[in-house]
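Please read them with the sequence and the coordinates at hand.

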Amino acid sequence: MSPSTPDLVPYDEALSRYAPVLGLEVHVELSTASKMFCGCPTGFGAEPNTQVCPVCLGLPGALPVMNAEAVDAVIRIGLALGCDIAPWCRFARKNYFYPDMPKNFQISQYDEPIAYGGSLDVMIDTDDGPQTFTVGIERAHMEEDTGKSLHVGGATGRIHGAQHSLVDYNRAGIPLIEIVTKPVPGLGKYVPELARAYVGELRDILRSLDVSDVRMEQGSLRCDVNVSIAPVGAAEWGKRTETKNVNSLRSVERAVRYEIGRQAAVLDAGGTVKQETRHWQEGSGTTAPGRSKEEAEDYRYFPEPDLVPIAPTPERVEELRGTLPELPRALRVRLLGEWQLSPLDMQALINAGAVDLVVATVAAGAPPADARKWWLGELARAANETGTELSALPVTPAQVAQVVELVADGALNDKLARQVLEGVLAGEGEPDEIVAARGLAVVSDEGALGKAVDAAIAGNPDVAGKIRDGKVAATGALVGAVMKATRGQADAARVRELLLERLGPPE
Amino acid sequence: MTDSSTGDLVRRTAVDLAAMITKGEATAVEVAQAHLDRIDAVDGRIHAFLHVDHQGALAAAAAVDAKRSAGESLGTLAGVPLALKDVFTTAGIPTTAGSKILEGWRPPYDAALVERLRAADIVILGKTNCDEFAMGSSTENSAYGPTHNPWDETRIPGGSGGGSSAALAAHFAPLAIGTDTGGSIRQPAAVTGTVGVKPTYGGVSRYGLIACASSLDQGGPCARNVLDAALLHEVIAGHDPRDATSIDQAVPAVVEAARRREIGGMRIGVVREFAGEGYEPGVLASVRAAIDVLTELGADVVEVSCPSFTYALPAYYLILPSEVSSNLARFDAMRFGLRVGDDGTHSAEEVMAMTRGAGFGPEVKRRIILGTYALSSGYFDAYYGQAQKVRTLIARDFAAAFDQVDVLVSPTTPTTAFPLGERADDPLAMYLADLCTIPANLAGNAAMSLPVGLSDGLPVGLQVMAPVLADDRLYRVAGALEHALDDRRGHALLEKAPTL
């Protein structure tokens, strides 16, 4: 569906007449060793139904026991988001039937979230340069993940129209933290960027807390996007839709943008926006309605009688506050000074999701400028081409630092270094292994290099003559000839030195 | 071994049997076989068991004998047979909770309580009948047919744990396990002339106990005398990290208390609200006589009022169904048990609905519907919320009473065993059987029933209630009273029961 179809009002036009309100619900799978309420492992990608036990399968008689590590994690998340921590709260049962919910209720929190009332500052590019907006955090609470259904047959891959379904309960019971924003009104056209920046910032915080893998493509960070629009100046907000299945930062932005355009078209046509759950379709870049329910779901929440209340002492909360790392925002302020970056440079790093990667690369020994150059250059290009996040590329900061070091040592030049990184991304091994396997080392054998230089001088007598006459600028042509002869594997700076040694140093 | 000595073995106490096995006067296999033989001969009439595990029981008994031969020390109840209510999971052994929806299910794991029984070398004979998912007071709600009271086979054995109480009264086993959500251990004990204890909530692990109502359920010991119950209590109680509501404290000294047989100076409160209209005169007379004996034994008996106890029954019938409606949602045909309609023409949702429609009995459905309604949005505060407030009031009544007295006593149930079928179509009349037992579940207290007499030839139970974690007080009072009553009578009450 292209923006020109009548179902979608072009974005700028929509924004000229409608004011959007944004809300975001982010689900984070914690990377605890075991599940929320049993001892099963939480690793991603295991054979279906191998990480299960009576508890997470919801077998008769099995009982949940709270994972203390998960409680610590959510308290730390709450503190990092400036939330208050409830001195006493309970789990609740959310009752609904679904095949991938083993007990047909989800243990969650309802009116007693463990963390509430925080905020998160997010920086986005505006027409007036980078600006910071504060997003209110309504609450963060704990719950258990469901299993995963695979619907076989049918057109959509969803349960409707499927011939049969397979259920994998490995994910059932993995600790999940739900972080809900307060509604964000008044941002106008910046809403899609804010949504993306918020999720990115939150992801960075969660990563710095070391509580989750925060891999959107693996589902360890999932985002539900709530959007409503109302005519500019209207007293009341519009009906909101909740879009699920948004699996990348880019999709967050696109989904918000799409919903604004779609809802504008509905209102323009004199219709009303249905309050409903919709699904993001990555391929078409559109949202589609979920299965419509005839009446509102009543989850019949009540306090979970199989678990005891959670009552962290103030001392424990302070102890956990003491474990908080330097949060990304503070880190960036510090780096601006240490790396001597402009706010625009920093924004470029943030937009690319590269801050933590560069920090890690620097920590592994690379100079900040080189680390930035590779992550924002070659690697950003690779990420773009494959449509993944920078952090999802199969290359580690340590590997990048190794490549930087090889260049600094003169073993590689930039061109060869790019080939080495290509090899790393292709899974060919560590940088030094790829250098050896692909034969990419700079020709550093002085004898061989000397012969190539001599050959270039002999083959280009007129250029050599100009250099002898003091026209040093002409050296470039001979360097090019040597590089060509060595198939790019020479260190250009050294070739230049050798040429000038032979053709006489300029006065 | 002659038939008469076999008959003797099944009439002995658990304490005696354990001693005989330890001394080599009988092997554990002989003891198990004697009980299995009696079950095979008589249970056709009583229907106490849903599943008899001949092979498993004899193997467990043989292991005890092997341990003894090897000179290993044996536990206090090693080799003693036990009847297990069919709401505890047993690895590889059918577990139904009295429901069609679990017919044929063999759990992959043992309940925590079952692990403790096995670790103590107790021989599990089989799984006993009960009302479906422990909902009922007569075992008539079992999907597999009712159990008959050994005192009068036309009458109910109590419920939900009627299979366990009947197994004791019929001498199928000297020990049994029950669960008590609103009286399911105590009321069956009362109407079968046996002893049944509901420990303090959290005293016995619920891991592997198929839930009826999580905040009320409690497994506990059943026996033919107080000391046997105490010994079993000691085996099954104690902290379990797999049950978050399990209490991490030392088990009260119940065995010592049961052996004490002395209550001089104990303060005993008689609950004023549990007498009068609806109570059988014969029940009240037996209870009164037992209270007189307590006075004679030196206890200081006073009347105590617990006004909120009157609201216990309605509050219970909101909290219980609410939890039931959620706990029983997992029976959906997806992972275990019955599956109906899976013929390729029905959606998963339809298969779930068809299975639940066919697999659950009428009382279970009634409570699921009640609970679903009570929890629904807009009604939660008026029903579940109010009921929780009543629960707090009841706990306060208990606290106030225990400021004045050490234990409370009352009839266990207003009537003796009623005829099978009498209340089957009248849920409200059936619910009244638990009138006196429910407050202890709502407050989490320890409580027990012990036999104190007969009314028109049928047993009457006295309920004793103690504060949370004071389970030992139950045994102290019951041990002394049982001793005094047996002494006056010249024999245990159960000896009046038909020999079958």
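1. In this predicted model, helix α2 (residues 68-80) of chain A packs against helix α5 (residues 314-321) of chain A at an angle of about 70°, and their axes are 9 Å apart. Since angles of 65 to 115 degrees count as roughly perpendicular, α2(A) and α5(A) are therefore roughly perpendicular to each other.

2. Which residues make this contact? On α2(A) they are A:D72, A:I75, A:R76 and A:L79, and on α5(A) they are A:V317, A:L320 and A:R321. By class, the contact of α2(A) with α5(A) comprises 4 nonpolar and 3 charged residues, with no polar ones.

3. Chain A also contains an open sheet of 9 strands with mixed pairing, in the order β2-β5-β6-β9-β1-β10-β11-β12-β13. At its edges stand β2 (84-85) and β13 (286-289) of chain A, each with a single partner strand, so one side of each has no neighbour in the sheet.

4. The contact between the chains draws 34 residues from chain B and 26 residues from chain A. On the side of chain B that touches chain A, α11 (312-327), α12 (348-359) and α13 (362-375) of chain B each supply at least two residues; the largest share, 3 residues, comes from α11(B). That side of chain B has 17 nonpolar, 10 polar and 7 charged residues.

Technical notes:
Residues are numbered from 1 along each chain as its sequence is written. Chains are lettered from A and ligands numbered from 1 in the order in which they are written. This is a predicted model: local features need pLDDT of at least 70, side-chain atom pairs count only at pLDDT 80 or more; totals for chains, interfaces and linings use all residues. Two residues are in contact if their C-beta atoms, placed from the backbone, lie within 7 Å. Helices (H or I, at least four residues) and strands (E, at least two) are DSSP runs, numbered from the N terminus. Ala, Val, Leu, Ile, Met, Phe, Trp, Tyr, Cys and Pro count as nonpolar, Asp, Glu, Lys and Arg as charged, and the others, Gly among them, as polar. Axes are lines fitted to C-alpha atoms, for helices over the stretch in contact, and angles run from 0 to 180 degrees between N-to-C directions. Angles under 35 degrees count as roughly parallel, over 145 as roughly antiparallel, 65 to 115 as roughly perpendicular and the rest as oblique. Two strands pair if DSSP finds at least two bridges between them.
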